[in-house]
Amino acid sequence: MRETRRNPVFIVISITAPILYLSLFAPLLSNLAASRGFPTDNVLAVFVPGMLAIIAFNGGIFAGFGMIGELRSGVIERFRVSPASRFALLAGPVLRDMTTTLAQVILFILISLPFGFRIGLAGLALLLILLGLLVATTSSFGNAMGLITRKENKFAPIVQSINLPVLLLSGVLLPIALAPPWLQAMAHCNSVYYVVEAARCLASGELLTTHVVHAFWAMVPLTLTTMYWATKVFAKAIV
């Protein structure tokens, strides 16, 4: 967190793209509210939760670039003689990514309020927990892959090949309900899809729907499994 405070401008810069989507893309969806299959007449209740999922997903998946920089600067080499547990060495950057990303999420929600977006406190609390699980998963994966690949030119193609398909198949910009059946079937194999659907329910005040339950069922095991695997990667890289 001290390192992050030295460059706080990156927290603001990283939210620039979502703000541009909110101001320049969301108005294009106004005519879709009355279309067949659109879940609500409030466009922002569909669009903003999708953007929050993008912020959370990107907040962790690219963490490997920082890990590669630490490898190059010798930080990881010095950890070899550290008595700290290997899980703690992973948990540090993961908690940092969760803190900074959730701060961006709250900032984006505050910016969305003048546009007409609304969410209850209970829904916001559950949404932050769900997005925190998503950040923990992607950050663990990103940091571990940074240790495995050790070079930006190897890490970048991997995360880029994951980033776009996962986000497109989660319906972050438009509801998957508008998609053909074959695309909807593919989306159900994507954990981020459940997060996006749950986020939209929470934004609409629906706290105990099947979408919310399914999202937690999908994310809790995935987060624990990913962090366990990433800890093993850290233990192997820092011996």
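**M145 and its contacts.** I looked up what M145 touches, leaving out residues up to four places away in sequence. In this predicted model, the partners are R150, F155, I158 and W229. I took contact to mean heavy atoms within 4.5 Å. M145 sits in helix α8, which covers residues 121–149. For helices I used DSSP runs (H or I, at least four residues; strands are E, at least two), numbered from the N terminus.

I then checked burial. M145 has 11% relative accessibility, so this residue counts as buried. My cut-offs were under 20% relative accessible area for buried, over 50% for exposed and partly exposed in between, with a 1.4 Å probe and protein chains only.

I also looked at M145 against Y228. The two are 83 residues apart in sequence. Their C-alpha atoms lie 14 Å apart in space.

**Ground rules.** I number residues from 1 along each chain as its sequence is written, and my side-chain values use heavy atoms, with hydrogens and water left out. Because the model is predicted, local features need pLDDT of at least 70 and side-chain atom pairs count only at pLDDT 80 or more, while totals for chains, interfaces and linings use all residues.

**Aromatic rings.** I paired rings of Phe, Tyr and Trp (its six-membered ring) if their centres lie within 6.5 Å; planes under 30 degrees apart are stacked, over 60 edge-to-face, and the rest tilted. The count came to four aromatic pairs. One of them is Y193 with Y194, an edge-to-face pair at 5.2 Å centre to centre and 70° between the planes. Both Y193 and Y194 are buried.

**The whole chain.** I counted 12 helices and zero strands. The radius of gyration is 18 Å, close to the 18 Å of the globule rule for 239 residues, so the chain is as compact as a globular protein of that length. That radius is taken over C-alpha atoms, and the rule is 2.2 Å times the number of residues to the power 0.38. The C-alpha trace spans about 60 × 35 × 35 Å along its principal axes.

Of the 239 residues, 46% count as buried. Next I took contacts between residues at least 6 apart in sequence; 79% of these join residues at least 24 apart.

Last, I checked charges. Lys and Arg count as positive, Asp and Glu as negative; His and the chain ends are not counted. I placed each charge at NZ of Lys, CZ of Arg, CG of Asp or CD of Glu. The mean positions of the 16 positive and 8 negative charges are 10 Å apart.
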